[in-house]
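Here is a structure to talk through together, one label at a time.

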Amino acid sequence: MNPAAQPLPVQDVQGDARWISQHDRFVQECKDAEPDVLFIGDSMIQLMQQHEVWKDLFSPLHALNFGLAGDTTCNVLWRIQNGELQNIQPKVVVLWVGTNNHQHTAEQVSGGVTAITQILISQLPRAKIIVLGLLPRGEHQNPMREKNAAVNELLRSSVLRLGQAQFLDVSAEFVQSDGSISKHDMFDFLHLTAAGYQTLSKPLHDLLLQTLEETTAAK
């Protein structure tokens, strides 16, 4: 069994139930919302809401943001199997997770992302899935970057085999000619700045508009 494809909640080591409380809030949102687009994943998804690109590009698409900082593929698997897909029928799901799977190999992480995608397809059979590739991390080349790049190569082929899913990889946009990452794009060489989100959001927004148009035309 792939350990990155096992659904697990986050342990409440801080004793304040913050993670499960946020999950419960997402489940509650599902009872009232009618999103066309669902974003789900880790802090890279969650922090998107704090930048202008969310208000300008994604919120107008009737989008919900179910991002939780620190989540691994295991945590997202648990969340979607415990209520976060109930009562909603988004046309598109944007999935972005895997960079926090520190204890797993590239093959395991890719398998975890693929497992999430398969469940999304089974529970939301009318939705299209956009899987975002992992970004490089660290100011200079390092083993984490190599692992994330390996995950992306594996996902590039596995996601395409699922039919309803497509893979979007913008990682090359963040590596400068000398191989470094700029603080202009990632303030801590992991999380995106406003400029970094702009770089990501242009191709993602274009793909979302195209996918939504195709979904509408297919009806």
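Predicted model: local features only at pLDDT ≥ 70, side-chain atom pairs only at ≥ 80, totals over all residues.

Q: Which residues make the contact between α5 and α6?
A: From α5 come Ala106, Glu107, Val109, Ser110, Val113 and Thr114, and from α6 come Lys147, Ala150, Val151, Leu154, Leu155 and Ser158. By residue class, this contact of α5 with α6 has seven nonpolar, three polar and two charged members.

Q: What makes α4 roughly parallel to α5?
A: The axes of α4 and α5 cross at roughly 15 degrees and come within 9 Å. The cut-off for roughly parallel is an angle under 35 degrees, so α4 counts as roughly parallel to α5. Here the crossing is left-handed.

Q: Which residues of α4 and α5 meet?
A: On the α4 side they are Thr73, Val76, Leu77 and Ile80, and on the α5 side Val109, Gly112, Val113, Ala115, Ile116, Ile119, Leu120 and Gln123. The contact of α4 with α5 divides into nine nonpolar residues, three polar ones and no charged ones.

Q: What makes α1 oblique to α4?
A: Helix α1 (residues 18-32) packs on helix α4 (residues 73-80) at an angle of about 40 degrees, with the axes 11 Å apart. Roughly parallel needs an angle under 35 degrees, and roughly perpendicular starts at 65. The α1 and α4 pair therefore goes down as oblique. Their crossing is right-handed. Trp19, Ile20, His23 and Phe26 in α1 touch Asn75, Trp78 and Arg79 in α4, a set of four nonpolar, two polar and one charged.

Q: How do you know that α4 is largely enclosed by the rest of the structure?
A: Eight of the eight residues of α4 are buried, so the helix is largely enclosed. The buried residues are Thr73, Cys74, Asn75, Val76, Leu77, Trp78, Arg79 and Ile80. They pack against α1, β1 (37-41), β2 (63-67), β3 and α5. At the start of α4, a side-chain oxygen of Thr72 comes within 3.2 Å of the backbone nitrogen of Cys74.

Q: Why is Gln164 called buried?
A: Buried means under 20% relative accessible area. Gln164 has 19%, so it counts as buried. Gln164 sits in the loop between α6 and β5 (165-168), and a polar atom of its side chain lies 3.1 Å from the backbone oxygen of Pro125. Beyond four places in sequence, the residues that Gln164 touches include Ile121, Leu124, Pro125 and Arg126.

Q: Why does Thr99 count as buried?
A: Thr99 has a relative accessibility of 10%, and the limit is under 20%, so the label holds. This residue belongs to the loop between β3 (92-96) and α5.

Q: What makes the link between the side chains of Thr99 and Asn148 a polar contact?
A: The limit for a polar contact is a pair of N or O atoms within 3.5 Å. The Thr99 and Asn148 side chains make theirs at 3.3 Å. Leaving aside neighbours within four places in sequence, Thr99 is also in contact with Asp42, Leu134, Arg137 and Leu190.

Q: How do you know whether Ile130 is buried or exposed?
A: The relative accessibility of Ile130 is 0%, so Ile130 counts as buried. Ile130 is in strand β4 (residues 128-132). Among the residues it touches, beyond four places in sequence, are Val92, Val94, Leu168 and Leu204.

Q: Why does Ala17 count as partly exposed, whereas Phe189 counts as buried?
A: Buried requires under 20% and exposed over 50%. Ala17 has 26%, so it is partly exposed, while Phe189 has 15% and is therefore buried. Ala17 lies in the segment before α1, with a positive phi of about 55 degrees although it is not a glycine. Phe189 is in the loop between β5 and α7 (194-217), and its phi is also positive, near 65 degrees.

Conventions:
Residues numbered from 1 in each chain as written. Heavy atoms only, no water. Contact = heavy atoms within 4.5 Å. Helix = DSSP H or I, 4+ residues; strand = E, 2+ residues; numbered from the N terminus. Nonpolar A, V, L, I, M, F, W, Y, C, P; charged D, E, K, R; others polar. Buried < 20%, exposed > 50% of the residue type's maximum accessible area, 1.4 Å probe, protein only. Polar contact = N/O pair within 3.5 Å; in protein donor to acceptor, adjacent residues only side chain to side chain. Axes fitted to C-alpha atoms, helices over the stretch in contact; angles between N-to-C directions. Parallel < 35°, antiparallel > 145°, perpendicular 65-115°, else oblique. Left-handed = near helix turned anticlockwise from the far one by under 90°.
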